[in-house]
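Reader: I would like to go through this model feature by feature. Please give the general idea each time, and then the case at hand.

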Amino acid sequence: MCKEKIFAIVSFIFVFTYADLYSPEVWYGFRSDSLVFSAGVSESDLNKTVYYELLYKKQGGKNSILASKNIKAVEREWTLAFSDIKKDVAGKDALWVKETIGDEKSKIYGPYGFVKNKLSEICDTAINYSGDIKNYELNKNTKFSDNKSFAIQFLHNQNGLIIVFGDVKEKITISIDPANSKTAFLAFANRIIMFDTDKKAAFFYPERSIVQKTSDIQYKIRDWEGDMTVSDGQNCKIIFIPWYDLGVKYENGRKFGFMIQHGDYSYPFGASSYSPASWGNIIIK
């Protein structure tokens with residue numbers, strides 16, 4: 001039986017095989033105009049023709065072929081490139097590479113993301129607050145949009161991150177990327193906080209998978225268990241998240257990725273809750 005491998009090269013090498021389809025390594029987001037692969041075959045497949053197709057899979061849709069290449073395997077290894085990729089592919093959409101050697105059964109590698117849009121430069125400051133949080137009074141003029149009435153602030157102390165809410169008329173969802181990785185797809189390390197109009201908060205993390213019959217990406221939310229708390233301030237609700245529950249070290253200058261969803265409004269504008277690459281930044285100062 002032949003054993004093929006395909007490697008995605010950016011500034012270093014990842015190894016992808018069909019058996020690793022659900023491994024985090026394949027959920028990579030490229031940031032260039034080209035996808036470059038190093039591919040190869042076993043000695044028994046030398047002189048066979050290898051067919052490659054770059055597939056675009058939109059959530060709920062069919063695969064469309066963006067590009068294809070045929071290579072005569074006169075050597076054991078070669079470099080393969082798909083250039084001039086114009087799509088921004090992330091969140092629930094993905095790129096896949098289909099490989100067929102001669103008349104044998106095809107193998108599929110992916111999913112891969114492709115982030116062409118410029119990363120958000122929006123950066124909000126989490127303010128150091130060392131006092132008793134119960135005495136904190138929210139500045140009602142703090143808004144994330146001129147035409148939105150809800151107020152929210154980020155604070156911090158040596159123990160954790162603090163999120164302060166004023167009155168909300170619709171459910172607010174805050175997504176946090178503690179590593180600020182700006183990935184094309186949601187990952188296990190991302191954290192989701194839902195705060196509803198009844199002043200109740202729920203805490204989640206995402207679990208991602210592939211629907212085998214359709215190759216669709218799906219995300220499920222799982223309960224995030226930890227020492228997070230919800231309490232009352234003078235005129236607000238306060239969510240406290242210990243640093244250890246975020247899995248990061250507390251230090252000045254650290255940045256987090258984040259986005260806010262409030263009804264049909266997202267901050268940063270146009271950000272996708274399924275793609276941290278589109279989120280803004282919080283900086284600890």
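Reader: Is Cys123 buried, exposed or partly exposed?

Author: This is a predicted model, and in it Cys123 is partly exposed, at a relative accessible area of 37%. Cys236, in contrast, has a relative accessible area of 8% and is buried.

Reader: How many disulfides does a search of the whole structure find?

Author: In general, a disulfide is a covalent bond that joins the sulfur atoms of two cysteines. Here the search of the whole structure returns zero disulfides.

Reader: How many salt bridges does a search of the whole structure find?

Author: A salt bridge requires a side-chain nitrogen of Lys or Arg within 4 Å of a carboxyl oxygen of Asp or Glu. Seven salt bridges turn up over the whole structure. One of them joins Asp216 and Lys57, with the closest N and O atoms 2.4 Å apart. This pair links distant parts of the chain: Asp216 belongs to strand 16 (residues 216-223) and Lys57 to strand 5 (residues 49-57), 159 residues apart.

Reader: Are Asp216 and Lys57 buried or exposed?

Author: Buried means under 20% relative accessible area. Asp216 has 12% and is therefore buried; Lys57, at 4% relative accessibility, counts as buried too.

Reader: Which residues are linked in a network of salt bridges?

Author: The network consists of Asp45, Lys48 and Glu104. Within it, the salt bridge between Asp45 and Lys48 has its closest N and O atoms 2.8 Å apart. Asp45 counts as buried at 2% relative accessibility, whereas Lys48 counts as partly exposed at 28%.

Reader: What distance separates N and O in the salt bridge of Arg254 and Glu251?

Author: The side chains of Arg254 and Glu251 meet at 3.2 Å, N to O. Glu251 has 36% relative accessibility and counts as partly exposed.

Reader: Now the sheet. What is the order of strands in the open sheet of five strands?

Author: As a general point, strands of a sheet pair through backbone hydrogen bonds, in a parallel or an antiparallel sense. In this open sheet the order is 3-9-8-5-6, and the pairing is mixed. Strand 3 (28-30) and strand 6 (63-72) stand at the edges; each has a single partner strand, so one side of each lacks a neighbour in the sheet. On average, neighbouring strands of this sheet are turned by 30° against each other, direction ignored.

Reader: In which sense do strand 3 and strand 9 pair?

Author: Strand 3 pairs with strand 9 (residues 107-114) in the parallel sense, over three bridges. Tyr28 has Tyr112 of strand 9 as its bridge partner.

Conventions: Residues are numbered from 1 along each chain as its sequence is written. This is a predicted model: local features need pLDDT of at least 70, side-chain atom pairs count only at pLDDT 80 or more; totals for chains, interfaces and linings use all residues. Side-chain values use heavy atoms; hydrogens and water are left out. A disulfide is a pair of cysteine sulfur atoms within 2.5 Å. Buried means under 20% relative accessible area, exposed over 50%, partly exposed in between (1.4 Å probe, protein chains only). Helices (H or I, at least four residues) and strands (E, at least two) are DSSP runs, numbered from the N terminus. Two strands pair if DSSP finds at least two bridges between them. Axes are lines fitted to C-alpha atoms, for helices over the stretch in contact, and angles run from 0 to 180 degrees between N-to-C directions.
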